[in-house]
Structures are given as structure tokens and as C-alpha cells.
Amino acid sequence: MVAANYELSWDVLDIISKSLDFDDLFQFACVCKNWRAFHKMYWRNFLALQEPLLVQKSSFFKKSFSFISIPNQKVYRSKMINYFWHFAYSGSSSGYLIMTGNNNSFLLMNPFTRRKKVINTSTFKVNFSYFAYRVLLAFDKGSKDFVLVALCKSSNSLHVYQSRNFGWVTYSTMGYPWMIVDFVVLHNTIYVVNDKANIGILNLNSANIKFLEMKSIPSVTSLSHLRLVSCDEQLFVVHTKPGVVFNVYKIDFSTMKYVKLKTLGDIALLYAPGGNYYALSNPNRWGYESNSVYVLDRSSTKCRVYVGDDNKLPKYIGPREGLHIMRPYWLDWSFRHLHYEIDYSLAD
């Protein structure tokens, strides 16, 4: 049958494709017209999957990146990404790995589409290679323009790059009794939270942050860690004190109050080294537990899992981190389907 039609059935091609790494999958489409047509369909479905992949960096001597599917026990490797092994990793956002090089420029690499963007930061005195510890990439709705938000420890300021004008804007917090600690995209708007638990909106048309008039704010201290998470069209705040406190709040915009959750419900929280939290809705569909927290630890190659019962949050009291660069360690969670969008008309 194959000899007569010079083609393999798509069932056979599906079996072949599932055994390939990223580099081989890109070459897969070059074999013939039939394989190219199958690859287009297969890759579109692959990119639409909401299942998170673990990003792991190898030991210093092997110098490689791996992307791991927990439920499928599948490891994807890419030699192309390995070329950028020496870049400092800052985070994952909108499907891109965001890194900085020795020349203090940002490198944005999408391992699933092989798209690459380079942003020059030579006009800044800030060394992003060491201090860009929170990043967010979002695209302008309806165009190819994008925004990169970077939070730097050294200046306690937000630095925002907008591709539409090829320029950086600094949202300085110097002189204020608070500092921005996290940001997410929800409803095409970038929300921020400061270390006092105030919620604000980032104005992309001017270097301003508009803080919302909340009627209730949880009690926080200098030991508190606050992180924003968007999931199921809702905004959540994760409040931890390592070894002491783990609380999750939902922001009720109708009452402008923090609502403390008793359970995560049909949501799983995913923690990555450096203080990044993500949320996975309907986690059972992807082989994860509901009302749970999955914690990556740089000091090991294990993922700790904390599962709560029907009426209580998981018994999780914050991360315990170490770093041993002589062995493989986790970097982050990567969501290939996410493509954050912002609307400039909502930024005023």
C-alpha cells in the first residue's frame, strides 16, 4: 500500500511524530507534501495543549535544556535552545523563554515555534543579567507589537519595553513606601501588586500605575511574599511566609475585596524557583490533582506535590530552595498555549 501511494497513513505518522524531539519535528515537515500536511495539523494541536511542560537545565558540563511532560513521561530536547545555554534565564511568558546575555540585552526565544526576538537595553545602567527576576511578555491585541515588563531588584522599579516605539519606560517606585513585587495579564490588562498588597493597573500610555480602591486588604509584613495569578478569568493573590503561612485570595471586583479561599477547588497551583506561581484549571484533564500545589526545587530533580482535602487548602508552607549547579535543576514551568494579549485602549 505504501509503495503504491508513496504515502504513509496519518495514524503511522502520528506514531512517528510522538517519538521525535523538537528539532526532528521541525525537520519532519520537509520530507514530502503528505508529511508536511500532517505536521501542520499535528503542530497546531500540539501548541494548543494546555498541559504545562517542566523546563530543566542540565549540569554545567552537559549544557542542555529539556522540556518534560509529567503525565506522558516524555522528554523533549532541542539543540537549538542549547546554543543559548550561557544566557541568564529570567522567566517564561507567552510561550517564550526570556533570557539575558552578557551584552545586557534580552533574548526572547519560543522553542515551540523557533521565533526569536532581541531587545537592546544599552540605554539602561541596570544590569538585567543579574536583576531581571520577574518578566512578562504580552502582545498588542490585533497586531504584532508586544510589551516586555521586567522587574529589577537593584532599582525596585518596573522597566517596560514597547515594540511599537522601540523604547523603554521606567515606572519608578523610588520615594514611595512600597515596591511592586509581581504582575499578570487579566482581561487584556496588566495588573500589579505591591508589597503592601495593593492592587494596581499598569498604564502603558504613560508611566503611571493606577491603584484600585480596595475595601479590604490582608495583613502583610516584611516577611510576606505576594504573587499574582490569573486563572479562569479571575485574579488571585498568593500570600506566603516561608515555613509559616500559605493563603490564597480571590479578588472580588464587584465588592473590591480580598476573599480568602478555603480550597483551590478545581485548580492546581504550580510553583517555580524564584517565586513564580502559575495556575492550571481543570488539572485532572492533564494528569494533575485539583486543590494542589506542585513545587519545583532547584536542589533536586523532584517535584513535590501537596494535595488538600475537600474543605482545606494543601498543607504547604512555602518553598525550600537550594542551588547545586553541578547537577540538573528545574528552571520553570512552560505553557506553550498561552499568548497574553493587552489592549492599549484599556490602559488609560
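What volume does the largest cavity have?

1. The largest cavity has a volume of about 50 Å³. A cavity is a set of points, on a 1 Å grid over the protein atoms alone, where a 1.4 Å probe fits but cannot get out; lining residues have an atom within 4 Å of a point. Grid points are joined across faces, edges and corners, and the volume is the space filled by probe spheres set on the points.

2. This is a predicted model: local features need pLDDT of at least 70, side-chain atom pairs count only at pLDDT 80 or more, and totals for chains, interfaces and linings use all residues. Residues are numbered from 1 along each chain as its sequence is written, and side-chain values use heavy atoms, with hydrogens and water left out.

3. Ser92, Ser93, Ser94, Gly95, Tyr278, Phe335, Leu338 and Tyr340 line the largest cavity. Its lining divides into four nonpolar, four polar and no charged residues (Ala, Val, Leu, Ile, Met, Phe, Trp, Tyr, Cys and Pro count as nonpolar, Asp, Glu, Lys and Arg as charged, and the others, Gly among them, as polar).

4. The second largest cavity, with a volume of about 40 Å³, has a lining of eight nonpolar, no polar and no charged residues. Among them are Val229, Phe236 and Ile267.

5. Phenylalanine 112 touches residues including Phe22, Trp43, Phe67, Gly95 and Arg336, not counting residues up to four places away in sequence; contact means heavy atoms within 4.5 Å. Gly95 also belongs to the lining of the largest cavity.

Key. On a 1 Å grid over the protein atoms alone, a cavity is a set of points where a 1.4 Å probe fits but cannot get out, and a pocket is an open set with protein on both sides within 12 Å along at least five of seven lines; lining residues have an atom within 4 Å of a point.
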